[in-house]
Amino acid sequence: MVLDWINVYIEALKSEPQWLMLLIFLVAFVEAFALVGVVVPGVVILFALSMAVGFEPKLFLLAWASASLGAFLGDSVSFQLGRNWQPKRQGELLDRARALFHDHGGKSIFLGRFIGPVRPVIPLVGGMLAVRWRTFLIFALPACVLWAPVYLLPGMIFGASIDM
């Protein structure tokens with residue numbers, strides 16, 4: 001029963017790869033989006049979607065681009081929300097957080113892309129703590145490009161190993 005449903009799902013996505021790419025883009029975007037990404041099981045959904053890519057390996061580059069773009073746009077929207085949503089209170093703790101993010105914000109943006117629970121929060125905090133757009137871009141773009149295959153390849157390899 002479950003295998004029949006999975007076969008229907010895989011066949012539908014193989015026959016309409018544009019929908020598969022759109023779903024990969026949307027999942028990567030939503031998973032990166034501030035606070036929403038904390039509750040969305042993006043890793044599991046991306047694994048399932050990338051299984052379908054494993055049946056058609058020629059779609060890998062397109063899936064990589066879709067996931068990278070979705071992640072980068074989600075991070076960028078979160079960052080901009082942070083820029084617009086500045087803390088109202090000032091104090092020593094906020095000053096220390098700004099100083100810490102000023103010194104290590106780029107590394108946090110890059111490494112945070114690979115750590116699930118903080119992935120959607122770090123761009124928001126970076127925007128709130130006035131990280132420069134250029135700094136955000138320098139670290140977020142390569143992180144998103146490198147993140148996509150790390151999260152897509154396990155599902156693709158699993159999908160390619162299934163004998164259908």
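In which loop is the place of Ala 130? Select Ala 130: its place is in the loop between α7 (122–128) and α8. Colour by backbone torsion and Ala 130 shows a positive phi of about 60°, although it is not a glycine. Ala 130 is partly exposed, with a relative accessible area of 49%. The cut-offs for these words are: buried under 20% relative accessible area, exposed over 50%, partly exposed in between, with a 1.4 Å probe and protein chains only.

A note before the next stop. This is a predicted model, in which local features need pLDDT of at least 70 and side-chain atom pairs count only at pLDDT 80 or more, while totals for chains, interfaces and linings use all residues. Residues are numbered from 1 along each chain as its sequence is written, and side-chain values use heavy atoms, with hydrogens and water left out.

**Whole chain**

Zoom out and show the cartoon. The protein chain has eight helices and zero strands. From the N terminus on, the order of elements is α-α-α-α-α-α-α-α. Helices here are DSSP runs of H or I with at least four residues, strands are runs of E with at least two, and numbering starts at the N terminus.

Switch to the C-alpha trace. Along its principal axes, the trace spans about 60 × 30 × 20 Å. Now show the surface. The accessible surface of the protein chain is about 9,300 Å², and 73% of that belongs to carbon and sulfur atoms. The areas come from the Shrake-Rupley method with a 1.4 Å probe; for residues, only the protein chains shown count as cover. Of the 164 residues, 39% count as buried.

Turn to contacts, meaning heavy atoms within 4.5 Å. Take those between residues at least 6 apart in sequence: 85% of them join residues at least 24 apart.

Select Leu 35. Leu 35 lies in the loop between α2 and α3 (36–39). Its phi is positive, about 65°, although Leu 35 is not a glycine. Is Leu 35 buried or partly exposed? At 48% relative accessibility, Leu 35 counts as partly exposed.

**Helices α2 and α5**

Select residues 17–32 for α2 and residues 60–84 for α5. Two packed helices are described by the angle between their axes and the distance between the axes. Here the angle is about 30° and the axes are 7 Å apart. Axes are lines fitted to C-alpha atoms, for helices over the stretch in contact, and angles run from 0 to 180 degrees between N-to-C directions. α2 and α5 are therefore roughly parallel to each other. The classes are: under 35 degrees roughly parallel, over 145 roughly antiparallel, 65 to 115 roughly perpendicular, and the rest oblique.

α2 passes α5 in a right-handed crossing. The near helix is turned from the far one by less than a right angle, clockwise for right-handed and anticlockwise for left-handed. Show side chains at the contact: on α2 these include Met 21, Phe 25 and Phe 29, and on α5 they include Leu 62, Gly 70, Gly 74 and Asp 75. The contact residues divide into 13 nonpolar, four polar and one charged. Ala, Val, Leu, Ile, Met, Phe, Trp, Tyr, Cys and Pro count as nonpolar, Asp, Glu, Lys and Arg as charged, and the others, Gly among them, as polar.

**Three residues of α5**

Stay on α5 and select Ser 76, which is found in this helix. Ser 76 is buried, with a relative accessible area of 12%. Leaving out residues up to four places away in sequence, Ser 76 touches Trp 133 and Phe 136.

Next, Ser 78, also placed in α5. Its relative accessible area is 0%, so Ser 78 is buried.

Then Phe 79, found in α5. Phe 79 counts as buried at 1% relative accessibility. Beyond four places in sequence, Phe 79 touches residues including Pro 123, Gly 126, Val 131, Arg 132 and Trp 133.

**Helices α4 and α8**

Last, select residues 42–55 for α4 and residues 133–161 for α8. Their packing angle is about 55°, with the axes 6 Å apart. α4 and α8 are therefore oblique to each other. α4 passes α8 in a right-handed crossing. Among the contact residues are Phe 47 and Met 51 of α4, and Trp 147, Tyr 151 and Pro 154 of α8. By class, this contact has 13 nonpolar, four polar and no charged residues.
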